[in-house]
Amino acid sequence: MKNIICDIDGVLLHNNELIPGSDKFIHRVLEQGNPLVILTNYPVQTGKDLQNRLGAAGINVPEECFYTSAMATADFLKHQTGSKAYVIGEGALTHELYKAGFTITDINPDFVIVGETRSYNWEMIHKAARFVAEGARFIATNPDTHGPAHSPACGALCAPIERISGRMPFYVGKPSSWIIRSALNHIDGHSDNTVIIGDNMKTDILAGFQAGLETILVTSGVSQLHDVDKEPFRPNHVFACAGDIDIV
């Protein structure tokens with residue numbers, strides 16, 4: 001029985017609206033007993049928040065099935081030396097870092113960690129750039145530059161810090177294979193028996209390809225059929241939507 005890693009936006013939901021058939025697909029997967037990770041690059045919501053979001057759309061999934069870039073970032077940092085972090089982000093990210101044993105501080109941090117926040121300001125940019133320039137390691141939850149309606153996302157918040165300090169962050173989220181391997185560890189799974197379902201060739205499918213997973217593109221979100229030929233890699237399968245998937 002295959003492990004399943006499934007994206008949210010563009011696969012299960014559009015904003016907070018159900019993509020028809022995705023509820024039946026997820027409920028079938030749970031009934032079959034497939035190990036399931038619902039994976040998102042968005043670091044602002046906790047597993048409980050995401051459970052409530054999907055539940056409101058009619059998809060009922062246990063909280064432990066959700067895995068975010070904030071969780072993966074905390075997992076990544078557990079494998080590094082240092083325990084102090086200057087954080088630009090919301091409560092879900094700091095919560096995961098506290099759980100991993102980190103001290104959140106602006107005094108000699110070992111890491112500068114950027115997630116997403118609407119309270120981004122000049123002081124944050126200044127402190128983060130100075131800390132990174134002085135040797136703090138620069139970590140970001142995900143490389144996405146924008147969300148719905150071109151709202152600034154993590155990659156955009158990292159840009160001024162990167163320009164000022166001259167250092168690029170390590171991006172934990174998709175398309176990095178780190179988040180895939182972290183999600184697999186979360187369910188004690190292996191890449192050779194896992195399929196990833198996503199709507200974006202440049203994030204979901206690339207991450208799956210780089211991690212050695214079987215890949216399913218659904219064209220209910222970002223990438224369409226004509227986008228497949230633009231990339232040097234290919235998804236293993238293409239479906240119009242999650243409700244049409246019949247191979248897992």
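Residues are numbered from 1 along each chain as its sequence is written. In this predicted model, local features need pLDDT of at least 70, side-chain atom pairs count only at pLDDT 80 or more, totals for chains, interfaces and linings use all residues, and side-chain values use heavy atoms, with hydrogens and water left out. Helices (H or I, at least four residues) and strands (E, at least two) are DSSP runs numbered from the N terminus.

An open sheet of 5 strands has the order 7-6-8-9-10, with parallel pairing; two strands are taken to pair if DSSP finds at least two bridges between them. Strand 7 and strand 10 form the edges, each pairing on one side only.

| Pair of strands | Bridges |
|---|---|
| Strand 6 and strand 7 | 2 bridges |
| Strand 6 and strand 8 | 4 bridges |
| Strand 8 and strand 9 | 4 bridges |
| Strand 11 and strand 12 | 4 bridges |

Strand 6 (residues 84-88) is mostly covered, with 4 of its 5 residues buried. Buried means under 20% relative accessible area, exposed over 50%, and partly exposed in between (1.4 Å probe, protein chains only). K84 has T103 of strand 7 as its bridge partner. From strand 6 the chain passes through helix 4 (residues 91-99) to strand 7, a β-α-β crossover that is right-handed; that is, with the strands pointing away from the viewer, the path from the first strand over the helix to the second runs clockwise. Further bridge partners are V87 with I113 in strand 8, and V112 with F138 in strand 9.

Helix 4 packs on this sheet, touching strand 6, strand 7 and strand 8, and its direction makes about 170 degrees with that of strand 6. Contact here means heavy atoms within 4.5 Å. Axes are lines fitted to C-alpha atoms, for helices over the stretch in contact, and angles run from 0 to 180 degrees between N-to-C directions.

**Helix 6**

The buried residues of helix 6 (residues 154-165) include C154, L157, C158 and I161. Seen down the helix axis, the buried residues fall within an arc of 150 degrees, so they line one face of helix 6; the arc is that of the directions from the helix axis to the C-beta atoms. An α-helix has 3.6 residues a turn, so residues three or four places apart point the same way. The buried residues of helix 6 pack against strand 6, strand 8, helix 5 (122-133), strand 9 (137-140) and strand 10 (170-171). R163 and I164 are exposed on the face turned away from the buried side. Just after helix 6, G166 takes a positive phi of about 75 degrees.

I197 stands opposite I216 in strand 12.

**Helix 2**

In helix 2 (residues 47-56), the buried residues are G47, L50, R53 and L54. They cover an arc of only 120 degrees around the axis, which puts them on the same side of helix 2. Their cover includes strand 2 (13-14), strand 4, strand 5 and helix 3. G58 follows helix 2 and has a positive phi, near 100 degrees.
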